Amino acid sequence: MQNEPIAKGVWPTMVTPFTNSNQVDYFALEQLVEWYINQGVAGLFAVCQSSEMFFLTLDERTSIAKFVVEKARGRVQVIASGHISESMEDQVTELQAIAASGVQAIVLVSNRLAKQDESDEVWKRNAETLLSAIPDIAFGIYECPFPYKRLISPELLAWCESTGRFTFLKDTCCHTGHIQEKLNAVRGGGLNIYNANTATLLETLKIGVQGYSGIMANFHPDLYVWLTRHFEDQPERAERLQHFLGMSSVIESQYYPVNAKYYLSLEGLPIGLHTRTKDHNLLTYSNRREVEQLFALTAEYRERGVCPTI
């Protein structure tokens, strides 16, 4: 099969809005899709860890993927993961359901294809099972840190690229040298690499990474869009912006995803703080003030014209 290229740029790892009764809030989700698109993102990564996929039923995972595809209306590409089971048989069922939702690609969670003590050969065999069972769609890979982080070696990535089925890697190694090795392994092929780590983003863009896919695109994605589009033609502004984004990204370790939902509410989105992974009541007063100050700083940063237009 001939896969359509995955768009270069910013791919938010979408959060899932929930109602006060902890059901998926599709009204808020529709508004969220519009907000991401209006920020200039290249695509949407639905049904991922930020979406709390390990706490969603299969029906919810497939419904969210289908809903995001429908509401995006072809304006941006949509990809989704959603396989959380241990057995390959169950993973096939999950991924077939996600594939039927109309997404551009289904994203394999790297730690689902082999146990922590198993080799890359086991990973390849399981990947081949999935490729055979789901023949007519492109694949991606996400180095998800839960339940354990399995980084893809350059050699394994080269194998993935050689199949002609893989188009996307969300890289979480947080190391420019290691990303360079992966780029070298697939350069000239059809597999794009997207950095999930803000601190190393600019330097990896300079060596050929095709974009950003990470948590902070739930806070100020437009700034990441500007960086990915203008790091070459406005290098001094890009350096200043990188400093701001890198320091801002430490909020990832505060109380995510509740803090992201609070930030999005400051943007005017009708999104509550409920999650299935954390007690939203534990977002402290101090946490809220930190989020509010990041929101204010972001607005000030835009107003000062450091990156005045996308």
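Me: What do the buried residues of α9 pack against?
Reply: The buried residues of α9 pack against α7 (201–207), α8 (221–230) and α12. Contact means heavy atoms within 4.5 Å, and buried means under 20% relative accessible area, with exposed over 50% and partly exposed in between (1.4 Å probe, protein chains only). Helices (H or I, at least four residues) and strands (E, at least two) are DSSP runs, numbered from the N terminus.

Me: Is this an experimental or a predicted model, and how is it numbered?
Reply: This is a predicted model, where local features need pLDDT of at least 70, side-chain atom pairs count only at pLDDT 80 or more, and totals for chains, interfaces and linings use all residues. Residues are numbered from 1 along each chain as its sequence is written, and side-chain values use heavy atoms, with hydrogens and water left out.

Me: Back to α9. Which residues are buried there?
Reply: Ala238, Leu241, Gln242, Phe244, Leu245, Gly246 and Ser248.

Me: New topic. Where is His83, and is it buried or exposed?
Reply: His83 sits in the loop between β3 (77–80) and α3 (88–99). His83 is buried, because its relative accessible area is 0%.

Me: What polar contacts does the side chain of His83 make?
Reply: One is with the side chain of Gln91, at 2.7 Å. The backbone nitrogen of Val109 also lies 2.7 Å from a polar atom of the His83 side chain. A polar contact is a pair of N or O atoms within 3.5 Å; within protein, one must be able to donate a hydrogen and the other to accept it, and residues adjacent in sequence count only if both atoms are side-chain atoms.

Me: And Leu269, where is that?
Reply: Leu269 is in the loop between α11 (258–266) and α12 (285–303). Leu269 counts as buried because its relative accessible area is 11%. Not counting residues up to four places away in sequence, Leu269 touches Gln31, Leu32, Trp35 and Leu264.

Me: How far is Leu269 from Leu29?
Reply: Their C-alpha atoms are separated by 9.5 Å, although Leu269 and Leu29 are 240 residues apart along the chain.

Me: Last one, the sheet. What is the strand order?
Reply: The open sheet has eight strands in the order β1-β8-β7-β6-β5-β4-β3-β2, with parallel pairing. Strands β1 (9–10) and β2 (43–46) are the edges, each pairing on one side only. Two strands pair if DSSP finds at least two bridges between them.

Me: How many bridges join β5 to β6?
Reply: Four, between residues 138–142 and residues 166–171. Ile141 stands opposite Leu169 in β6.
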